[in-house]
Amino acid sequence: MVFLPKTWHLISEQIIEGCKQNDRKSQRLLYEFCFPIMMKVCKRYTINEDEAVEAMNASFLKILKNLSGLRDLQTLPAWVKQVTVNTSIDFYRSKKKYNERNRFTIDTEYSNVQNTHFNFDFVESKMDSGQIFKLIQELPETTREVLNLFAIDGYSHKEVAEMLDISEEASRWHLHKARKLMAQKLEENHYVLNTSRYETK
Amino acid sequence: MKQNNHLFDDFLKGQVEEAEVTFKEEYWQKMESLLDQEEGKKSSPWWRKGLGIVLALLAIGTSALVYKKATQPNSQEQAIAVAQGQNLDSGLDTLQNSQAEDIPNKIHLSLKVKTQQKHHKKKLLFLLRCLRCRMQKMPMEIHQHLLHLSRLDYPKLKSQFLSNKSMIRLRMLQLTWRSRPIPKAGFNRM
């Protein structure tokens, strides 16, 4: 499910055709329409606005290059999001290199977290604009990517492991860590109440 | 218990989807510069990048060919030289002068062009002086050829050319001009 911008219905075949013919005005229109989808993804996967814009522009370039392959206009939002996620992961891969020591530490810690769950009491209030992105950006790099891919974008641990070149156990460990850290941050900012952790064996 | 985690994930997802992002003009400016760069790349395809190199190679090749052609005798002249070179083998036996023995067999003289210059005329004079010693009569065709080659010096040459020996002998003697030093005055009193 892709959250569509309010102006999405204004996207027409004419704009798409203009983009295919390198018409700058059409490209600008498409950019503005795709901006909310792309920016929300990129802000989650990067650590600051500069990186987010860089990843977003790289994504839009890919979109323009592959626009000729688009058959149905209805699939455009989902496709835009997919391309942006993939580009953001590529962006992450180019920056981050894993070492075996880090992986070993994760694997040994995994056994302690696999049956751990959190209990939350949510406060029904909307966060300030951009606040959620700030909290996500503060997470450690791989942990942030796993949280985004699994919890928000709906990928399985197997897919996450393949995308980030880590083991499935490591993916679960990072997800647990991400939830824990996010819960702490949300509690500190009064977005959730009574965060409690209990383990089942 | 997993429900709690799912609830937490849904909470995060909802917050992300509802969050608002503000469009800034600078984002598009960066994108536009990126698009300009891409268009610049597109406008110079791979063959155009290599065009300069190809042209440079072509220019070098052409100049090398021109230089080679200028410094070497043409194919027609070469064919004549070879043909005459074959006759030279038989002609050598009949040559009685001792100077003819050290003449290289395959040197070709392009007198037609080079006699227009002074130093070549000197060489030609030396050649003709040598010829005077061993040629009694000169065939008309050689006579005309030499006239064509050195118009200015013709009266002088005419007095020195009295031989009518074969073309072979002339060509053989022509061969010496490259390898031999220019004779000083008095050397040619043979």
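B:L58 lies in helix 4 (residues 51-71) of chain B; helices here are DSSP runs of H or I with at least four residues, strands are E runs of at least two, and both are numbered from the N terminus. B:L58 is exposed, with a relative accessible area of 55%. Exposed means over 50% relative accessible area, buried means under 20%, and partly exposed falls in between (1.4 Å probe, protein chains only). Together with B:L51 and B:L55, B:L58 forms a nonpolar patch on the surface. The accessible area of these three residues together is about 290 Å². Patch residues have over 30% relative accessible area and no salt bridge; nonpolar side chains (Val, Leu, Ile, Met, Phe, Trp, Tyr) are joined within 5 Å, and like charges within 9 Å. A salt bridge places a side-chain nitrogen of Lys or Arg within 4 Å of a carboxyl oxygen of Asp or Glu.

The model is predicted: local features need pLDDT of at least 70, side-chain atom pairs count only at pLDDT 80 or more, and totals for chains, interfaces and linings use all residues. Residues are numbered from 1 along each chain as its sequence is written, chains are lettered from A and ligands numbered from 1 in the order in which they are written, and side-chain values use heavy atoms, with hydrogens and water left out.

Chain B has eleven helices and zero strands. Buried residues make up 35% of its 190 residues. Its accessible surface is about 12,500 Å² (Shrake-Rupley method, 1.4 Å probe; for residues, only the protein chains shown count as cover). Carbon and sulfur atoms hold 56% of that surface.

Chain A contains nine helices and two strands. Its elements run α-α-α-α-α-β-α-α-α-α-β from the N terminus. Of its 201 residues, 50% count as buried. The accessible surface of chain A is about 10,100 Å², with 48% belonging to carbon and sulfur atoms.

The largest nonpolar core has 63 residues. Such a core is a set of buried Ala, Val, Leu, Ile, Met, Phe, Trp, Tyr and Cys residues joined through side-chain atoms within 4.5 Å. A:L30, A:L76, A:L149 and A:M182 touch the most other members. Helix 2 (residues 24-45) of chain A supplies the largest share of this core, eleven residues. Domain 1 (8-95) and domain 2 (100-199) of chain A each give the core at least three residues; the bounds come from an automatic or database domain assignment. Beyond its neighbours within four places in sequence, A:L30 is in contact (heavy atoms within 4.5 Å) with residues including A:I11, A:F60 and A:L76.
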